[in-house]
Amino acid sequence: PEIDSILHSFDLSLSTYIEESLISGINNNTSDSIDYLIQRVLEVSKEVHQLSNGAFDITIMPLIEAWGFHGGEKRVLAKEEIDSLLQRVGMDKIKIHEHRIQKANPDVRLDVNAIAQGYSVDIACEFLDGKGISNYLVEIGGELRTKGINSRGVDWIIGIDKPEYGNFIPGMNMQQKVQLGNLSLATSGNYRSYFEVDGKKYTHSFDPETGMPAVKNILSASIVCKDCIYADALATACMVMGYKDGLEMINNIKDTEAYLVYSDEDGRFQVACTDGFKNILID
């Protein structure tokens, strides 16, 4: 019940699916006040935005909604509509001042779903740490964080799903197993959230520069680091950047590792990962 209460309070701050949440108030211009949860998300979002050269951008909500990835009817947008929507997109259009958010354009709307889920894992872990619990695995929506050991007395063993279109059941078809100790793991992929028109797939990872679903050969990105909020955001950034630029970015971030699955010219699955990630792979 205590964890349920924590996650309910978290949703009332950061869930874009709850009308009375703080983030919904910001999006609807009925409020500009923020709490420590939103402040943390905004700070990390700006940091990852810079690290990814703009690939990670939480102001893409107008695009997400228009393309139908926020509960609406999925459709392909014309270039003119995309160009109009891009006028509302950009991390430079928001800033924090005295615990309030300021928007350069009232039509700016925030989509924090690519970072809030990972942060909710961290919040739950902080609660368990405060209770003196030394061994746990917290998983929310596929993002997770571990501490200590499992019931068999070894580091937690985690599976990464094979990023095949149609692989909708977690754990049904595994790509790789890893052994995780006192770390977070977040995976982002396009193989479960997409729609198809005239044989072309449109995925939910958006390029904030073009306003289009990111067209890259990367299939999934798994990031390992200390805090799940960073793992979640960086995994999304890699999906927008592609595996080469994503791998280069991660290699330049301290204590952060990546496992990226991509498709080669012949359509075969290939893997690119950092040296540190190889140390936790299980054959």
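**A guided tour of the predicted model**

Across the whole structure, a search finds 5 aromatic pairs. The model is a predicted one.

Select Phe-69 and Phe-206 to begin. Their ring centres lie 5.8 Å apart with the planes at 75 degrees, so this pair is edge-to-face. The two residues come from distant parts of the chain, 137 residues apart: Phe-69 sits in the loop between helix H4 (61-67) and helix H5 (79-86), and Phe-206 in the loop between strand E9 (200-203) and strand E10 (218-225). Phe-69 is buried at 12% relative accessibility, and Phe-206 is buried at 3%.

Next, select Tyr-243 and Tyr-262. This aromatic pair is stacked, with 3.6 Å from centre to centre and 5 degrees between the planes. Tyr-243 belongs to helix H8 and Tyr-262 to strand E11 (residues 257-263), so the pair ties together parts 19 residues apart in sequence. Tyr-243 has a relative accessible area of 15% and is buried; Tyr-262, at 14%, is also buried.

From Tyr-243, widen the view to helix H8 (residues 243-251) and helix H7 (residues 228-241), which pack at an angle of about 145 degrees with axes 7 Å apart. Their crossing is right-handed. Leu-234, Ala-237, Cys-238 and Met-241 of H7 meet Asp-245, Gly-246, Met-249 and Ile-250 of H8. Of these contact residues, 6 are nonpolar, 1 is polar and 1 is charged.

Finally, select Glu-143, in strand E4 (residues 143-147). Glu-143 is buried, at 6% relative accessible area. Its side chain reaches the backbone nitrogen of Thr-187 at 3.3 Å. Residues that Glu-143 touches include Gln-117, Leu-185, Cys-228 and Asp-232.

Methods: Residues numbered from 1 in each chain as written. Predicted model: local features only at pLDDT ≥ 70, side-chain atom pairs only at ≥ 80, totals over all residues. Heavy atoms only, no water. Axes fitted to C-alpha atoms, helices over the stretch in contact; angles between N-to-C directions. Helix = DSSP H or I, 4+ residues; strand = E, 2+ residues; numbered from the N terminus. Left-handed = near helix turned anticlockwise from the far one by under 90°. Contact = heavy atoms within 4.5 Å. Nonpolar A, V, L, I, M, F, W, Y, C, P; charged D, E, K, R; others polar. Buried < 20%, exposed > 50% of the residue type's maximum accessible area, 1.4 Å probe, protein only. Polar contact = N/O pair within 3.5 Å; in protein donor to acceptor, adjacent residues only side chain to side chain. Phe/Tyr/Trp six-rings, centres within 6.5 Å; stacked < 30°, edge-to-face > 60°. Lists of a residue's contacts leave out its neighbours within four places in sequence.
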